[in-house]
Amino acid sequence: MKIRKILIAVSEIAVALLFVVLSLYAITHSDDTVYRSTEATIVRIEEDYDTINEQYEYKVFVDYELDGVEWKDIEYGAYDSSMEIGDTVKVIYDMKDPTSIQAEGSVNVPYIVGGVGLAFLAFGVFMLVKAIREE
């Protein structure tokens, strides 16, 4: 029983370390891309049913204008159930490639994943110490 608890704790630590390392890599190896913010209008929402996970998946497409140039039907990369065609959303775009857009706030994802990884790492270490001290 003690060995099983130790193996579970070590497995959790390994997975947590993987998340921490991947998030640190994403944070430290981000390119020098300069992003700007603009508003876009939702023009299309595609709905697709995933038979394996038995759930609907959605793709949102937007139109926006930058310096007099219109960009049409560009995939937004995020969805929530309150979105409707005609709604306005904030996007951040790459100054060098205006078709490369992200939902506002998506640049924080590596920090969130890293924080969750650190929390699981601490819990895994706690569980490992507890399992080792058990008689």
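This text is a guided tour of the structure, stop by stop, for use with a viewer.

The model is predicted: local features need pLDDT of at least 70, side-chain atom pairs count only at pLDDT 80 or more, and totals for chains, interfaces and linings use all residues. Residues are numbered from 1 along each chain as its sequence is written, and side-chain values use heavy atoms, with hydrogens and water left out.

**Stop 1: the sheet**

Begin by selecting the strands. Strands (E, at least two residues) and helices (H or I, at least four residues) are DSSP runs, numbered from the N terminus. Two strands are said to pair if DSSP finds at least two bridges between them. In which order do the five strands form the open sheet? The order is β3-β2-β1-β4-β5, and the pairing is antiparallel. At the edges stand β3 and β5 (101–103); each has a single partner strand, so one side of each is left without a neighbour in the sheet. From one strand to the next, the twist averages 40°; such angles run from 0 to 180 degrees between N-to-C directions, with axes taken as lines fitted to C-alpha atoms, for helices over the stretch in contact.

**Stop 2**

Select residues 35–50, which are strand β1, together with residues 55–66, which are strand β2. These two strands run antiparallel and are joined by nine bridges. Four residues lie between β1 and β2 in their hairpin, and E54 in the turn has a positive phi of about 50°.

The hairpin of β2 and β3 has two residues between the strands, and D67 in the turn has a positive phi of about 50°.

**Stop 3: aromatic rings**

Show the side chains. A pair of aromatic rings is described by the distance of the centres and the angle of the planes. Rings of Phe, Tyr and Trp (its six-membered ring) pair if their centres lie within 6.5 Å; planes under 30 degrees apart count as stacked, over 60 as edge-to-face and the rest as tilted. How many aromatic pairs does a search of the whole structure find? The search finds two.

Select Y49 and Y56: this pair is edge-to-face, at 4.9 Å centre to centre with 65° between the planes. Y49 stands opposite Y56 in β2. Y49 counts as partly exposed, at 39% relative accessibility (buried means under 20% relative accessible area, exposed over 50%, and partly exposed in between, with a 1.4 Å probe and protein chains only). Y56 is also partly exposed, at 47%.

Now select Y58 and Y79, a stacked pair at 4.2 Å centre to centre with 15° between the planes. Y58 lies in strand β2 and Y79 in the loop between β3 and β4 (88–94), so the pair ties together parts that are 21 residues apart in sequence. Y58 is partly exposed, with a relative accessible area of 31%, and Y79 is partly exposed, with 32%.

One more ring deserves a selection, that of F61: R44 lies over its face, at 3.8 Å from the ring centre. A charge sits over a ring if NZ of Lys or CZ of Arg is within 6 Å of the ring centre and within 35 degrees of the ring normal.

**Stop 4**

Move to β4, which is mostly covered: five of its seven residues are buried. β4 pairs with β1 in the antiparallel sense over seven bridges, and the bridge partner of S37 in β4 is I92. On to β5, which pairs with β4 in the antiparallel sense over three bridges; there, Q102 is the bridge partner of I92. The hairpin from β4 to β5 passes through six residues.

For a contrasting position, select E84 in the loop between β3 and β4. Is E84 buried or exposed? E84 is exposed, with a relative accessible area of 51%.

**Stop 5: the helices**

Finally, select residues 2–28, helix α1, and residues 109–133, helix α2; the two pack at an angle of about 160°, with their axes 8 Å apart. That angle makes α1 roughly antiparallel to α2 (under 35 degrees counts as roughly parallel, over 145 as roughly antiparallel, 65 to 115 as roughly perpendicular and the rest as oblique). The crossing of α1 and α2 is left-handed, which is the term used if the near helix is turned anticlockwise from the far one by less than a right angle; if clockwise, the crossing is right-handed.
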